[in-house]
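Welcome! Please take a moment to look over the sequence and the 3D view before reading on.

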Amino acid sequence: MEQLPYRVQNRHAPFFRQCFVTASVAINIIAHGAVIGFSAILIPSLRSPESHIHATPGEESWIASIVGFALIGGNFIITPLMDSLGRKKSHLLTILPVLVGWFMLLIVHNVAGLITARFLQGIAMGMLGPLGSIIIGEMTDPRNRGAFLTSVSLSLTIGVLFCHSLGSFFSWQQSALICSFITFTSLLLIIFTPESPAWLIRKGRFDEGRMIFIWLRGHDVQTKEELERMIMQQRMARKSSIVGQDVSLMVKIKHYFRYLNEACKKPEFYKPIIIMVFLYIMFQFAGINVISSYATDIIEQVVGPDANAKFLMVVLDVERLICNIIAVYLMKTMKRRTLLFSSGIICVLAYLGKGAYVHAKQNNTLPFDSQWIPIILIGIYMFSLTVGISSIPFALSGELFPLEYRGIGSGISILGLSLNFFVAVKCFPVLTGAIGLSLTYCLYAGIVTFCMTIVWFMLPETKDRTLQEIEDSFRGTPIEDYKSSEPLNGTAESMRRCSSVILY
């Protein structure tokens, strides 16, 4: 083992290698954050008389929301690919649509071209949605997994801030060109990252998987025990499955549907999916992508037409970045449920406060008019979104699903994120035009409250619990029964749930 090329040179090397793998995902996500924020600088520019492209209000909403619709297609594409091609090749495939989209934005001369470019970028975002968290979850140490997974929401924030800042100094065409270099940087990093050891072991490539696992995680006793448990369980799984057997395609399909039918009856399969779907609905209707897409319009409606909307947009993005950094610390110190529900309550109250302010302002019932009141309300709202609502779902997506259902569970639940991205962003301008901004805020606050209520009764606490304990809590197995079944020389965590589904 000491002669392998992926040799650990010192005790700090594994951590930095995990940082490198995470960075390859994070920089790709930064580019996707720029895609989300791009409509906030594109749409106001199209309204300028000097623009060579003009869009109707309906077309503007499609430009902003088509990304969410395309996410669904990306989810369906990546679910089988990441298990058949592997994590690295699938990650490389997410680069091409984003790059093509950025370059299309430079050359198109009509609204249809803009929508097509954004659709391609949305496909890539949908592909990376479930894949990014799986890559980070599989290739990082469980002790740092929560912080690494929080980098997903942090990277989105950096991308939105970067794009909005570019819009203050450059045209939207120049901004698109600059953003393309982020994607290219991610491409270079992905080329030099290894394949996921969990995927290699699942495919029966045990020696290669062992080599990369030790390169990523080190040589300590606990790591080696975790590795050997993973290999042992995969050997047993391959013996009891049809993987590698010479059977017809029809037999494989029948086995797969029989497997799905049995899985749907297991609480460790359907409970995490239900929780994640409602978390993603809550995440979208809390409005993180709505305010990223329509930032200048929202600021002008809430604060007033005299507000410096572009400046305030960048200020909010800076606040979001700072709060995301704080969220990394809070994820290591606070319980997941406490952070999620406290930030959710603040979000609902901020929604209602903004709605009441806008209603009073439109009816001239404000005791005094000051720009600081709506700015503070928007600041509180952004704080609630960033420290909990936008960070917790991505962290939980790497913790709730057991090994056997990681791929298919993530693929199904991420549809809740993708579909509601489209619905929330597409409907926002329609609702504000039909019922007004204040009632739209109340409606979105009601949806967030409903989702919080469902999650309150279903979500277990995951902080400081092993993944085996989380899985057993869904099964209803008491922790005492689990501990009594451990081997005498058991370790702190039986094995790392970090792969996609085996076809039985």
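This is a predicted model: local features need pLDDT of at least 70, side-chain atom pairs count only at pLDDT 80 or more; totals for chains, interfaces and linings use all residues.

**Helix H20**

- Several residues of H20 are buried, among them Leu-437, Tyr-441, Tyr-444, Val-448, Cys-451 and Val-455.
- Ser-438, Thr-440, Ala-445 and Met-452 in H20 are buried as well.
- Looking down the axis of H20, you will find its buried residues within an arc of 150°, so they line one face of the helix.

**Helix H1**

- Helix H1 is built from 34 residues.
- From the first C-alpha of H1 to its last the reach is 49 Å, close to the 50 Å expected at 1.5 Å a residue.
- H1 is largely enclosed by the rest of the structure, because 26 of its 34 residues are buried.

- Seven salt bridges turn up when the whole structure is searched.
- One of them joins Asp-297 to Arg-47, with 3.0 Å between the closest N and O atoms.
- These partners are 250 residues apart and link distant parts of the chain: Asp-297 belongs to helix H14 (residues 295-302), while Arg-47 sits in the loop between helix H1 (13-46) and helix H2 (57-84).
- Asp-297 has a relative accessible area of 17%, below the 20% cut-off, so this residue is buried.
- Arg-47 is partly exposed, because its relative accessibility of 42% lies between the 20% and 50% limits.
- Arg-47 and Asp-297 also belong to a network of salt bridges that includes Glu-60.
- Another salt bridge brings together the side chains of Glu-138 and Arg-87, at 2.6 Å from N to O.
- Here too distant parts of the chain are linked, with Glu-138 in helix H5 (residues 111-139) and Arg-87 in helix H3 (residues 87-93), 51 residues apart.
- Are Glu-138 and Arg-87 buried or exposed? Glu-138 is buried, with a relative accessible area of 1%, and Arg-87 counts as buried at 1% relative accessibility.

**A salt bridge inside one helix**

- Arg-210 and Asp-207 meet through their side chains in a salt bridge, 3.3 Å from N to O.
- Both residues lie in helix H9 (residues 206-217), and because they are three residues apart, about one helical turn separates them.
- Arg-210 counts as buried at 16% relative accessibility, whereas Asp-207 counts as exposed at 62%.

**A nonpolar patch on the surface**

- Which residues form the nonpolar patch on the surface? The patch is made by Phe-20, Phe-184, Leu-188, Ile-191 and Phe-192, and together they have about 490 Å² of accessible area.
- Helix H7 (residues 172-191) gives the largest share of this patch, with three residues.
- Phe-20 has its place in helix H1, and this residue counts as partly exposed at 30% relative accessibility.

Definitions and conventions. Residues are numbered from 1 along each chain as its sequence is written. Side-chain values use heavy atoms; hydrogens and water are left out. A salt bridge is a side-chain nitrogen of Lys or Arg within 4 Å of a carboxyl oxygen of Asp or Glu. Helices (H or I, at least four residues) and strands (E, at least two) are DSSP runs, numbered from the N terminus. Buried means under 20% relative accessible area, exposed over 50%, partly exposed in between (1.4 Å probe, protein chains only). The arc is that of the directions from the helix axis to the C-beta atoms. The expected span of a helix is 1.5 Å times one less than its number of residues. Patches are made of residues with over 30% relative accessible area and no salt bridge: like charges are joined within 9 Å, nonpolar side chains (Val, Leu, Ile, Met, Phe, Trp, Tyr) within 5 Å. Accessible areas come from the Shrake-Rupley method with a 1.4 Å probe; for residues, only the protein chains shown count as cover.
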